[in-house]
Amino acid sequence: PGPPMELFLFHSFLLLLPGAALLLYRHNPTFQYFCKVAFFNLWILAMATLLSPLVAFWGRSVENMKLLRAALRPLKHLCGIRMQVRGSEHLDIQGPYVIVCNHQASLDLLGMVEFIPDRCVPIAKRELLYLGTVGWACWLSGIIFIDRNRRDKAIQVMSQTARTMWSENLRVLIFPEGTRNQGRSMLPFKRGAFHLAVQAQVPIVPVVFSPYWDFFSSKEKKFTSGTCTIRVLPKVETQGLSPKDVPRLTDTVRQAMVDAIAEMS
């Protein structure tokens, strides 16, 4: 006797499932959004899991960032995102400096690995440290963590970072908006990055990501193919500035970035 009808229907369903999923992916933007976001996060998790045991033998070092960058670079092609970097010559600076960027979404990772120079690490929120192998890989790569809920500890970390920048020839990347922002204008800047640059007496290099509106929106559940332009602006010197100059410095840098985004939009 043949198999029960229920088993036959179940096998037929399994055979049709990939085709139905592909059809849904092509014609349902919301389904496509969740598929691509899941793939994006799984790729990061898989790369962190694979690389962590390898870099653990070398210990915590900013040089491990090179491996993370190499592991993340193919992701832009898999997600259908093209990254164009303009003004990269402004990063050809001897010695340490602070990079400040606008922050839109997790996709900023794809742009970061395209332009960050050697011996450059981001400053990230401490919560990232507890994301399993992702947090472990970030720590091993020298990423600096701050606890935003404890101002005294955050100031202490930034002061230590100012000293480390010179002793280890370190470049630091910070998102001064403090959180992701997909709005039409940048949020007010927090001043930590600018206090750091003034304390260390190092230049600030503003970097601007063009808006993702055409191809990505977490609110509209849209994630298609598209192009992001990354523009590196000329450095802003802090030599001779003091803490009292930080508010004006912050406003000057932010306005330059606002103007650049307006041109790119």
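How much space lies in the largest pocket? The answer, for this predicted model, is about 1,600 Å³.

**View 1. The largest pocket and its lining.** The lining of this pocket is made up of 49 residues. Those nearest the pocket centre are Ile 123, Ala 124, Lys 125, Arg 148 and Phe 175. Several helices and a strand each give at least two residues to the lining, among them helix H5 (108-115), strand E3 (120-125), helix H6 (132-140) and helix H7 (151-167). Helix H2 supplies the largest share, with six residues. Rolling a probe the size of a water molecule over the atoms shows where empty space is left.

**View 2. A nonpolar patch on the surface.** Leu 54, Phe 57 and Trp 58 make up this patch. Together the three residues have about 410 Å² of accessible area. Trp 58 sits in the loop that runs between helix H2 (29-56) and helix H3 (65-72). Trp 58 counts as exposed because its relative accessible area is 54%, and the cut-off for exposed is over 50%.

View 3. Glu 63 and Arg 119 join their side chains in a salt bridge, with N and O 2.9 Å apart. The two residues are 56 residues apart in the chain: Glu 63 belongs to the loop between H2 and H3, and Arg 119 to the loop between H5 and E3. Both ends are partly exposed, Glu 63 at 34% relative accessibility and Arg 119 at 24%. Side chains of opposite charge can pair when their charged atoms come close.

**View 4. Further salt bridges.** In the whole structure, eight salt bridges are found. One of them pairs Glu 220 with Lys 222, the closest N and O atoms being 3.9 Å apart. Glu 220 is exposed, at 57% relative accessible area, whereas Lys 222 is partly exposed, at 23%. Another joins Arg 248 to Asp 245 with an N to O distance of 3.6 Å. Here Arg 248 is exposed at 52%, while Asp 245 is buried at 15%. Elsewhere, salt bridges with shared partners link Glu 63, Lys 66 and Arg 119 into one network.

**View 5. Cysteines without a disulfide.** The structure has zero disulfides. For Cys 101, the nearest cysteine sulfur is that of Cys 120, 8.5 Å away. Cys 101 is buried, at 0% relative accessibility. Cys 138 is also in no disulfide, and its nearest cysteine sulfur, again that of Cys 120, is 14 Å away. Cys 138 is buried as well, at 11% relative accessibility.

Methods. Residues numbered from 1 in each chain as written. Predicted model: local features only at pLDDT ≥ 70, side-chain atom pairs only at ≥ 80, totals over all residues. Heavy atoms only, no water. Patch = residues over 30% accessible without salt bridge, like charges linked within 9 Å, V, L, I, M, F, W, Y side chains within 5 Å. Areas by Shrake-Rupley, 256 points an atom, 1.4 Å probe, with all protein chains shown as cover. Salt bridge = Lys/Arg side-chain N within 4 Å of Asp/Glu carboxyl O. Helix = DSSP H or I, 4+ residues; strand = E, 2+ residues; numbered from the N terminus. Buried < 20%, exposed > 50% of the residue type's maximum accessible area, 1.4 Å probe, protein only. Disulfide = S-S within 2.5 Å. 1 Å grid on protein atoms, 1.4 Å probe; cavity = no way out; pocket = protein on both sides within 12 Å on 5 of 7 lines; lining within 4 Å. Points joined across faces, edges and corners; volume = space filled by probe spheres on them.
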